Amino acid sequence: MSDFIKISKGFSKLGRRYLFVGMTAIAGTTMIGTPLLAADPVKVAVLVPDSGAAGLFGPSTRNAATLAAEQINARGGIAGSQIELVFADAGLSPADVVGSVVRLVRQDKVSAIVGMHDSAVRVAVANAVRQQVPYIYTPVYEGGECAAGVYVLGETPQQQLATVIPWLSNKKDLKKWYLIGNDYNWPRNTNDQAKGYIAKAGGTVVGEEYLSFDVSNFDASIRNIQASGADTVLITLVGGASVGFNVAFAQFGLADDVVRLGTLIEENTLAGIGAANAMNLYSSSGYFASNDSAANKRFTADYVARFGADAAQLNSLGESAYEGLLFLEAAGNRAGSLDFAAFDKVANGTSFNGPSGAVKMANRHVNQSIYLANGTGGTFSVEMEFKNVASGETCM
Amino acid sequence: MMMIRGNSNKTLKMAAKSLVCVLVVLALVYVLPTFQKYQLSQLLIYAIACLGIHLCWGRAGILPLGQAAFFGAGAYSFGLLLKGNASDIFTASLLFLFSVIAIALVAFLIAAMILRRQVGPSPQFAIITLALTILFGQIALSWSSVTGGFNGLLIPVISGVDPFSDAFFVVICGVTLVCYTIARWVGGTPLGRLWMAAADDELRVQLFGFATHLLKAICFAIGAGFAAIAGGLFALHQGLVTPQNSGFVFSAELLIWTALGGRKHPSGAIIGAILAGVLSLALRDKIIWWELIVASLFILVVLKFPGGIAGGFLTLISRYKGNSGNQEVQPIRPPADEVDKATLAREITVQKVTVDAGPVRIIDNLSLDIKPGVTQCIIGPNGAGKTSLFNAMTGMMPPRSGDIIAGTKSLNTVPAWHLQRFGVQRKFQTPRIFVSLTIRENLWIAMWSKHLQRRDYLSHAPLKWHLDIIDDAAQIFDFLRYPDMQAEELSAGERQQLELVMIHLCAPTILLLDEPCAGLSPRETAMVADFILTQQKQSGATCVIIEHDMALVSKLAARVIVLHRGKLLAEGTWQAIQKNAEVRAVYAGGIK
Amino acid sequence: MFEATIDVFWLITVTMLTAFGLAVIFGMLKVMNMAHGEFITIGAYSVVLIDQTGLPWAVGVAVAGIVAALVGLCIERGIVRHFYDRPFDTLLATWGISLVLRELLEIIFGRGYRNVSPPIDGMMPLSFASDAGYPAWRLMVMAIMILAAIIGWLWYRRSRVGLLVAATVENPVLARSLGMSTGKIKTGVFMVGAASGGIAGALLSPGLRIDPLIGLDYLISSFLALVIGGVGSILGFVFGAGFVGLTNGAVAQLAGPTNGYVALLVLAIIVMWRFPSGLIGLLQSRRSQFQLAKINDDD
């Protein structure tokens, strides 16, 4: 919808949205839950990035979580109790998020935490929660999180690449790979894993580059890619850097001949990159909104019905919160409660079916479907589904 | 009798305040639930960092855009030190102190080095601190083998330290109170006063003999030390340090909280940090647009309450209390000054000095002698180079060539604060005094110029010093009888007079007076002229006066020097100059 | 080699475009406008709006300038004009304004990334030897900038308005007593600074990621360019932007963009330390010494 119309509707919508948020907040923070015969509702904290660099994903995450809670309650709740969501901003500094978490656990007495945020916050929250309640971490991340009490649903680099790289290499005859990412642990871990898969698929790495978050001009990197003769670029840039790089890449005319594969390119990033610049841009992820599986079609229909056609765009990160709550439901029902000890006993082995297919927990990570989508033309079209991909983690 | 009562009053007040503080802390411990104590601890930690900003910004006029760098440094270094060493409370405390002191020292060195070349409010220094904090944040992010990179550094657990315990909360409160007390106390010492004076007019302080860059560096170091303390406590509190605590955004937040609370008062730092934190906690999970509300509030405070919230309160309180007036303190004579008499100069020799300002030659190969012990006047039409000559003498306009010798020392190659050692004092054409201090404090600084020694910087004794000459001057200049008045409220003429009195307090041997009667009424002019004459007769100092008023010149001058277009035109007695045809040709003076 | 040159020139262009507004406002009004980055964001979003209506890109640029100027007008009239003699407080007030503007943009446009297609597609070949090309729209922007710089300089030098502004900046009291409405002139200068930020955002929008938060990056880089070159003179600004672009670009080519940014920070520290009045100050003192030597040699 055009922005002009949006703006004029925007302020009245603001009022409506405000009201909606206000009501959710009030409902969330007071004892007034949906009246039922069962015991008091069980509170579940959901950490959502409302501010900061990932604030972009806040609305879709909130919506997905809210939808999940309503559907779970309609099915009878978790272990017989209705659930009530309490949201907290996870886009603040880790110290501030920990402050919120401490309040949630000690004062609001939440029984579980579902977190959709970056790794620094995760480490801080895990350090603070210390197995008082189950802590479910949902978004794609760098792998290696084995702290006790943390259950990770997010895709690991191995998951995203182990099957995708050989398949794509084969299909597009990819031989020379250039690795470019932001300078922190997720891109570095991803690239370390990628090198192995590339070699196995018969390719070579012709360049590797890490950029700090402040960089906004990518011309030098693009020159390097040209000079290296690469036919593929593995992109582990995040957020604005991903958009900026991909736009410049295409404007320099590289998109026709060089394939791009990204492991964190979701619908918003694609919109930022623009249809004209998305030629041969592939993305590997556990979820795409345009996936036309039956389960996803149902999910997106429910989402639109609940939140309207121009609600926040569904994407892998936002949707992960939905799956986080589904997992909570599955494990909680198996355990008979959300008490930590009981939950922990049954976590490994719990499985459920979500919008992106079957998911099963092993080593406190999940085996799940991985999709490879092509972004040419400005929307993702899923080209391949890899079922039941192992996470590659070995946490006990 | 009065002295004893004064002292016991003070001790009583302090005891009462301490008791109140202890009671408040105890009350908080019992009333607040655990997690609120935990969160309040975090806010108090931020408040300690803000206290550092208060000192730098509110007292010394240094804008610290990079406080987060020291906060992060404190957190990371403490964490790294703990990692390598045994972790019991005693060792941890030692490591903590070590880390704080090391960081403060580094801050001192950096500031001393950079400020050496800056005079006055230095946006350059502010920008350097900004660049440093961005650099530090980048290093913290990239050097992941040491700092843990993006995910941060996990702090080892120290046995017996639990961030959720009451003991921890009490310790944080205690440290906050100690830092607050230090900040408050140091602000009242001579060092604190000198900071404020330097914030007003740094060159003026330098001419009183103080190496201001070192003083400011001390302030910066203390500020950095506070930030490092806060950082170390933060590491214990969170158990984790991330690069976000070292970057520009966190620096900006600390600045904003300090500004919100009021940067001029130590209580402002604490109020700002706590208020901002409480607002954020209360609003952020309830209202999606909470940042908008906080930002609007912030603009409102900046617009309406420039002194911040603390400033606003204190203004209200002072309005109700009225001016309580200073308690009567017994004045004491300052100790004898230890200036080496041999370095005092009585004459100045200007040798072939050339001064340029851009493409204009202001002083052209000028040579003249300032004779010892006499009053001489320098006259000449506008643009002759008279003030510029003074500027060259005091290092404000370095000559392109030539030398200015005072006694045996070269004047133009030394830093401004050495001039006081030679006994040189200057009064400026537009009076330069310290407007945000009281008259009494202005006089203090002039007295300290000669008498303050290292051990006195932090003592309260120099606040009681008094010289007889002040009483003499008070007979002539009315405003000196109200020493607690803000210097800001003085008229232009009174400021002239204050500056004149101030430089006489330094017992100078060479006085450079630039139009001491500019802007004064005839009556005031006569008072000032008498004062100058009387003082000169008593001290035998060399007086060099730039004047336009010929009546004054004839009254004061034993010798007249005429400058024209940067060159020496004539010199001699007033009578001789009056008759000099050349002088008459180029210069038509006015008579008041 | 040619590619390296044009890459550096593009960096210089970006720096000049984005820093110009800040240079004008800081250099002439002594106001440290922390909301400068938000004008650039507003400019980019204006193009987003116009793009949706199907009007040509040039209209978007014009609208960007107008909208940014209007926002600048409100800010100057409403808030900044109370602070002309309190530099610390202008810094704080404009920081607050930048927060508010960011939130408003978020409310209106949402947080998602936007995209704008360039006015001209495709690339222009740079040399006969290789078939590597350079995005055509960037060449257009560079041409626009050079043209605008020349015209602006001439106009400022020769026009009456330029004279009035210079007078107001030099000696506001005297200017007022001569009947110039210094208030209006200051507002005008602020609006020009704001408008240039908006236009910069519009010109650069085809290559930007567009979301409410991009302003902060430009604020810091503009600021560094300004202080390195020297505040208060147009020549200083040009010098600073040039130097920044050159350093950043050269180091980025050799050692990666991250080190380019680090080199910039280190450069800023060194310049601030040893050359407090910026590199232009260094140049000017040399120049006047040279001039003086010439004058005296003639004697």
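This is a predicted model: local features need pLDDT of at least 70, side-chain atom pairs count only at pLDDT 80 or more; totals for chains, interfaces and linings use all residues.
## A walk through chains A, B and C

In chain A, the mean position of the 30 positive charges and the mean position of the 35 negative charges lie 4 Å apart.

Chain A is built with 13 helices and 14 strands. Its radius of gyration is 21 Å, close to the 21 Å that the globule rule gives for 396 residues, so chain A is as compact as a globular protein of that length. Taken along the principal axes, the C-alpha trace of this chain spans about 65 × 55 × 40 Å. Of the 396 residues in chain A, 62% are buried, and the accessible surface of the chain comes to about 13,700 Å², with 55% of that area belonging to carbon and sulfur atoms. The contacts of chain A can also be sorted by sequence separation: among those between residues at least 6 apart in sequence, 66% join residues at least 24 apart.

A:Asp344 belongs to helix H13, which covers residues 340-347 of chain A, and the C-alpha atom of A:Asp344 is separated by 9.2 Å from that of A:Tyr151, although the two residues are 193 residues apart along the chain.

The phi angle of A:Asn388 is near 55 degrees, which is a positive value in a residue other than glycine. C:Lys30 is exposed, with a relative accessible area of 52%.

C:Thr258 is found in helix H11 of chain C, made up of residues 257-274, and at 11% relative accessibility C:Thr258 counts as buried, because the value is under 20%. When neighbours within four places in sequence are left aside, the contacts of C:Thr258 are with A:Tyr210, A:Leu211, A:Ser212 and A:Val215 of chain A and with B:Gln138 of chain B. Within chain C, the C-alpha atoms of C:Thr258 and C:Asn248 are separated by 9.3 Å, and the two residues are ten residues apart along the chain.

The last stop is in chain B, where B:Gln425 lies in strand E8, residues 424-427. B:Gln425 is buried, with a relative accessible area of 2%. A polar atom of the side chain of B:Gln425 lies 3.0 Å from the backbone oxygen of B:Leu207. Leaving aside neighbours within four places in sequence, B:Gln425 is in contact with a set of residues that includes B:Arg204, B:Leu207 and B:Phe208, and also B:Gln420 and B:Ser449. Further members of that set are B:Ile503, B:Cys506, B:Pro508, B:Ile510, B:Leu511 and B:Leu512.

Note on methods: Residues are numbered from 1 along each chain as its sequence is written. Chains are lettered from A and ligands numbered from 1 in the order in which they are written. Side-chain values use heavy atoms; hydrogens and water are left out. Helices (H or I, at least four residues) and strands (E, at least two) are DSSP runs, numbered from the N terminus. Buried means under 20% relative accessible area, exposed over 50%, partly exposed in between (1.4 Å probe, protein chains only). A polar contact is a pair of N or O atoms within 3.5 Å; within protein, one must be able to donate a hydrogen and the other to accept it, and residues adjacent in sequence count only if both atoms are side-chain atoms. Contact means heavy atoms within 4.5 Å. The radius of gyration is taken over C-alpha atoms; the globule rule is 2.2 Å times the number of residues to the power 0.38. Accessible areas come from the Shrake-Rupley method with a 1.4 Å probe; for residues, only the protein chains shown count as cover. Lys and Arg count as positive and Asp and Glu as negative; His and the chain ends are not counted. The place of a charge is taken as NZ of Lys, CZ of Arg, CG of Asp or CD of Glu.
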